[in-house]
Amino acid sequence: MSRPRREAAMTQTLQRDLFGLDEPPEPPVAGLFADVVFDRPLDHAFTYAVGDDLAATIAVGKRVRAPFGRGDRTTIGYCVRLNETPPTRPVKELTAVLDDEALLDDHLMRLTRWMADYYLCGWGQVLNAVVPAGARDKAGTRLRMFIEAVADKEPPEHLPAKQAAVLQYLREVHHPVELRELTRRVRCGPGPIEALASKGLVRRITRRMDRFIDTGEEAGEPDGPITLNEDQRRVWAQLEPALHGGFQAFLLHGVTGSGKTEIYLRAIEEVVRQGKEALVLVPEISLTPQTIARFQGRCGETAVMHSHLGDAERGGHWRRVASGQVQVVVGARSAVFAPARKLGLIVIDEEHESTFKQESTPRYHARDVAVMRARLENIPILLGSATPSLESWHNAQRGQYTLLTLPQRVMERPLPPVTLIDRRHETPRKGRFPALSAGLEHAMRDALREGGQVILMLNRRGFSTHIHCPSCGHIESCRFCDLGLTYHKQRDIMLCHYCGYEEAPPKNCQLCGQAAVRYHGLGTEKLQAEIEELFPNYVVRRMDSDTMRRPGSHGRTLAAFREGLIHILMGTQMIAKGLDFPNVTLVGVVNADVGLHVPDFRAAERTFQLLSQVAGRAGRGPRGGRVIVQTLTPEHPCIALAAAHDYAGFTAAELIHRRAHNYPPYQRMARVIVRSHDQQAAGAFADRLAAAFAETLQKLAEKGPAEVRLLGPAEAPVFRLKGYFRYHFQLQSPSAATLHQVLRAVLPMQRPPTGVEFTLDVDPFNML
Ligand code: ADP
Ligand code: ZN
């Protein structure tokens, strides 16, 4: 039998097997047909017949149950298209329609379709990641009781003392206060409040709240009226006309403390006034009660979406937003899919943050998805940062985004002076190098003596960052990764920061048996111990992912810092961002070089951003402030220019470098990682995949000058991770379209052997 005929015969047998029939079924002649996608990496939809019983309820954007794959297992999928043209092949029938209302409207369907195309994954995978598991459940969000003074109603002369106190408190704060908070403040039970309510002097309001939000005083304090300064007025004049509709992307570059948030708030107020809704994306870490309160206080009904929410809560928010009960959605990355039906504006704060990139399928970047959403919905989008990503800066320079600038801090406050302390030439004190140089220690003493507060950053958690044997040089490393273990003293374990593997610290070297392992390197835990020893009379708190495990602990620590109960707040980059504490007069960076020497082309950009952000925490109040940065490479442009607050200088230098090496933003990049527990199998498949790309590139080159470059394959910088051996290669092209054309030509044909997996990352952020 010739090859095609044999294949045709095989297909027929296969079909008979699949349908369990002796006779092949006939294609249908008429009826309603639904195209359905499943949570699989497949780029096509499957057509099903819609029975009469389901015809009335089926709709695009609803979930369905359908027989799928081998054995026709009932599987949940999404209906993505309906049509009445009969397919040319026999089809199976839908089993059930799961939703009363479509979960996604037309815009979100188009957005997710675009994501599947752009990130080269299944549309079903995208939909599954976008819709929260609890979206269909009927579980609600929590209702909370608020009390508000009734305006213009004069109280009788002799109110009982407690009632008078409640009333006075409510009139002073001018806004509704949560019942629990009110009883705590005034130190009373519910009795006096009940009495006031029955006299018509106060009224009760129920509000849906997020369990996570601690409605302490932070959530209550509304900003006083703010008069825009001259720079803000100029920015507003450029922005305001665009808020009436039409796609336009703005990049707001404003130094730390320049009043960017005030611009966001005005813009949101304006679109809400027009009866539309706004979406605000912030990095997860910025979802502090302080940030949330600013939006809640000003912008109407707000939903907050972050990763600590359970399925039911996420689902509850989803339904509330979809039903138009919410004016403003504030959330981290995945809030970009909030099902607002009347969206009028998207704001992205700290647009440069890498947490907007999702590191699992679909590997999307929320900023880029948001820009696409704004385009599809034909609305304005505002990206803001003190240190815009080079991608966004480049877009502003070539006119894709409109640049808005706030070059000065508000109230004519200067940016804090930054002093670099070069630790290369330091001599040891008492035989060792302390975490703090004499200069930083003195500056801390001065700041504290004058009643200021100190923020101290060390971007490395744990106690000792490496453990080694002085006799044979063996370094304790993870059993599953090519990475050293970090000693965590409090828990007395050695921990892998990549895979979470932990092990008891050894008494003897595990290689040579020598009984003298040494602990080296400085992590936040050790730093805390040193600081507490140096400053016994001050309260020190550490903020890193070890101390901030419980939901709410982050907010509680910040509240205590605001109240002055903590003098020195130290921690990882968690403390570098977004915080606005006017009494911080000194910021210290213990080791500026931590992230600089990793094999990632964005290392300098990230270091610059982090230093600028943390420096921005100093001197935000009338007392001013300063910054001290300890480093071993003071001459590195990202450190020297961050110290000079010279964003333009840094980007100019860095862009020259990026262009010379064909890196983003000049070139688009896709990264392929092949991994397996079997090193050889991984290597062999990586070679095969790369060869397939090389062949396609060769064909492309025959038609014209090669626009796509292939780099690799090679061992990934962290070769073994979580027990997998990893090979990677990169594709680079000045044209996103050409890059996608190549990816699409090659990838669908590739099936890795059993035990080998590959992932594709379009616009990768993680280069390890
Ligand atoms: P950014 O987001 O740029 O870091 P913020 O918007 O947080 O800056 O503003 C910093 C502080 O300045 C906030 O406390 C804010 O209320 C205040 N602020 C903003 N604009 C003005 C203004 N025009 N006049 C006075 N204070 C302002
Ligand atoms: Zn590990």
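**Charges over rings**

I looked up R675 and found it over the face of Y724, at 3.7 Å from the ring centre. For such a contact I required CZ of Arg or NZ of Lys within 6 Å of the ring centre and within 35 degrees of the ring normal. R602 lies over the face of F765, at 4.0 Å from the ring centre.

**Basis**

I am working from a predicted model, in which local features need pLDDT of at least 70, side-chain atom pairs count only at pLDDT 80 or more, and totals for chains, interfaces and linings use all residues. Residues are numbered from 1 along each chain as its sequence is written, chains are lettered from A and ligands numbered from 1 in the order in which they are written, and side-chain values use heavy atoms, with hydrogens and water left out.

**Zinc site**

I listed the protein donors of the zinc ion (ligand 2): C478 (SG), C481 (SG), C496 (SG) and C499 (SG), lying 2.3 to 2.4 Å from the ion. Donors here are N, O and S atoms within 2.8 Å of the metal (3.2 Å for Na, K and Ca); water is not among the atoms, so sites may look incomplete. Along the chain the donors follow the spacing C-x2-C-x14-C-x2-C. The four donor atoms subtend angles of 104 to 113 degrees, which makes the arrangement tetrahedral (four donors with all angles between 85 and 135 degrees). The ideal angle for four tetrahedral donors is 109.5 degrees.

I then checked cover, taking buried as under 20% relative accessible area, exposed as over 50% and partly exposed as in between (1.4 Å probe, protein chains only). C496 counts as buried at 2% relative accessibility, whereas C499, at 28%, counts as partly exposed.

**Aromatic pairs**

I searched the whole structure and got 21 aromatic pairs. Rings of Phe, Tyr and Trp (its six-membered ring) pair if their centres lie within 6.5 Å; planes under 30 degrees apart count as stacked, over 60 as edge-to-face and the rest as tilted. One of the pairs is F38 with Y48, edge-to-face, at 6.3 Å centre to centre and 75 degrees between the planes. F38 lies in strand 1 and Y48 in strand 2 (residues 46-50), so the pair ties together parts that are ten residues apart in sequence. F38 and Y48 are both buried.

F608 and Y647 have ring centres 6.2 Å apart and planes at 50 degrees, so this pair is tilted. F608 belongs to helix 18 (residues 603-615) and Y647 to helix 20 (residues 647-660), so the pair ties together parts that are 39 residues apart in sequence. F608 and Y647 are also buried. I noted one aromatic cluster made of F38, F46, Y48 and F68.

**Helix 4**

I took helices (H or I, at least four residues) and strands (E, at least two) as DSSP runs, numbered from the N terminus. Helix 4 (residues 123-130) is mostly covered, with six of its eight residues buried. Its buried residues pack against strand 1 (32-38), strand 4 (73-83), helix 3 (106-118) and helix 12 (311-322), contact meaning heavy atoms within 4.5 Å.

**Strand 27**

Strand 27 (residues 626-631) has five of its six residues buried. Strand 17 (residues 418-422) runs parallel to strand 27, joined by five bridges; strands pair if DSSP finds at least two bridges between them. Strand 26 (residues 584-589) also runs parallel to strand 27, with four bridges. I found V629 of strand 27 as the bridge partner of L420, and V589 stands opposite V629.

Methods: Tetrahedral: all angles 85-135°; square planar, octahedral: opposite > 155°, others 65-115°.
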